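Here are my notes on the model you sent. Please read them with the structure open.

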Amino acid sequence: MRFLPALLSLVVVSTAAPTNFFDDIYDFSDSLLDYYSKVSQHINRLRHSKTAVGCDVSKIALPSHASGLTSPEGLTPMYVAIGRGTQNYTCADSTSNSKPQAAGAVANLYNATCMAANYPDLLELIPTIIWNSSVPLDVSTFPRSKIQLPANIGLMGHHFFFDSTTPEFNFNLDSSKQFGIAMTKKGGSIDAPANALKGQYGAVPWLYLTTTKGTVGKYKAVYRVDTASGNPPDTCEGQPEKFQMRYSANYYFFGN
């Protein structure tokens, strides 16, 4: 895994860096400290191991809290992506008599498949770290190659809504990167765990999505887990007609 040596240098530098060293990269947090601590532990373990680190996708498993969602039994892990973007909402008016209505989501997806296979304890921390990172809310302005993640992870695809009820995950970035399209519908949900990053109003639920007509490739199920923030306020009081809430999450893709 190429990102581990690079992260080792960051761990070393951070111990001697001034307190504002990371100001332009991350809002340094307990989650980030925990992340680098775990990275260091993995590096020390690998130094004493004679086993090569590969990318065995068959080792990918959903977080234990996802047991409340329909199991992917019989399906094969395909990819895991880190999503960073916005949950979108509308309000009929700006009074406490109205409640925000979901109006889709937009996010960039970053390939974390090998991290999920080898270091799931690191992956589960990423959404909280990325939610705190200084990146624009408008995902259309994100760089097309990479975002400043605490790992060597590149852009894999985009998440948006094809229509008001159809979440789409499009992995056809360009002519050389054609990884298919998952058109989905909601199959189930559970509340985010109590320790999820709440942001201003709480973390959006964990989801189980099934694929529908229009899917390109072997995709059968998508799971949104490890969510950070994204929930709207309880009422529309003081809110505009349309607004966004920043969120991040890990997305697991299964197929046959």
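1. Terms and basis. Strands are DSSP runs of E, at least two residues long, and helices are runs of H or I, at least four residues long; both are numbered from the N terminus. Residue numbers start from 1 along each chain as its sequence is written, and side-chain values use heavy atoms, with hydrogens and water left out. This is a predicted model, in which local features need pLDDT of at least 70 and side-chain atom pairs count only at pLDDT 80 or more, while totals for chains, interfaces and linings use all residues.

2. Confidence. pLDDT is the predictor's confidence in each residue, from 0 to 100. The chain average is 85, and 81% of the residues score at least 70. Residues 1-26 fall below 50, and this stretch has 39 contacts in the model beyond near neighbours in sequence. Contact here means heavy atoms within 4.5 Å. Residues 136-148 also stay under 50; for them the model has 32 contacts beyond four places in sequence.

3. Most residues other than glycine have a negative phi. Asp226 is not a glycine, yet its phi is positive, about 50°. Asp226 is found in strand β7. Its relative accessible area is 11%, so Asp226 is buried. The term buried means under 20% relative accessible area, exposed means over 50%, and partly exposed lies in between (1.4 Å probe, protein chains only). Ser229 is also in strand β7. Its phi is positive too, about 60°, although Ser229 is not a glycine. Ser229 counts as buried because its relative accessibility is 1%.

4. Aromatic pairs. How many aromatic pairs does a search of the whole structure find? The count is 12. Rings of Phe, Tyr and Trp (its six-membered ring) pair if their centres lie within 6.5 Å; planes under 30 degrees apart count as stacked, over 60 as edge-to-face and the rest as tilted. Phe171 and Phe253 form an edge-to-face pair, 5.0 Å centre to centre with 85° between the planes. Phe171 lies in strand β4 (residues 166-174) and Phe253 in strand β8, so this pair ties together parts 82 residues apart in sequence. Phe171 is buried at a relative accessible area of 0%, and Phe253 is buried at 1%.

5. A tilted pair. Tyr208 and Tyr223 have ring centres 5.2 Å apart and planes at 40°, so the pair is tilted. Tyr208 belongs to strand β6 (residues 206-211) and Tyr223 to strand β7 (residues 219-229), 15 residues apart. Tyr208 counts as buried at 13% relative accessibility. Tyr223 is buried as well, with a relative accessible area of 0%.

6. Ring cluster. Which residues do ring pairs link into a cluster? They are Tyr79, Phe169, Phe171, Phe179, Tyr219, Tyr251 and Phe253.

7. Met245. This residue lies in strand β8 (residues 242-255). Met245 is buried, at 11% relative accessibility. Leaving aside neighbours within four places in sequence, its contacts include Gly85, Thr86, Gln87 and Tyr89. Gln200, Tyr201, Gly230, Asn231 and Pro232 are also among them. Met245 and Asn88 are 157 residues apart in sequence, but their C-alpha atoms are 6.4 Å apart in space.

8. Charge over a ring. The charged end of Arg246 sits over the ring of Trp131, 4.2 Å from its centre. The criterion is NZ of Lys or CZ of Arg within 6 Å of the ring centre and within 35 degrees of the ring normal.
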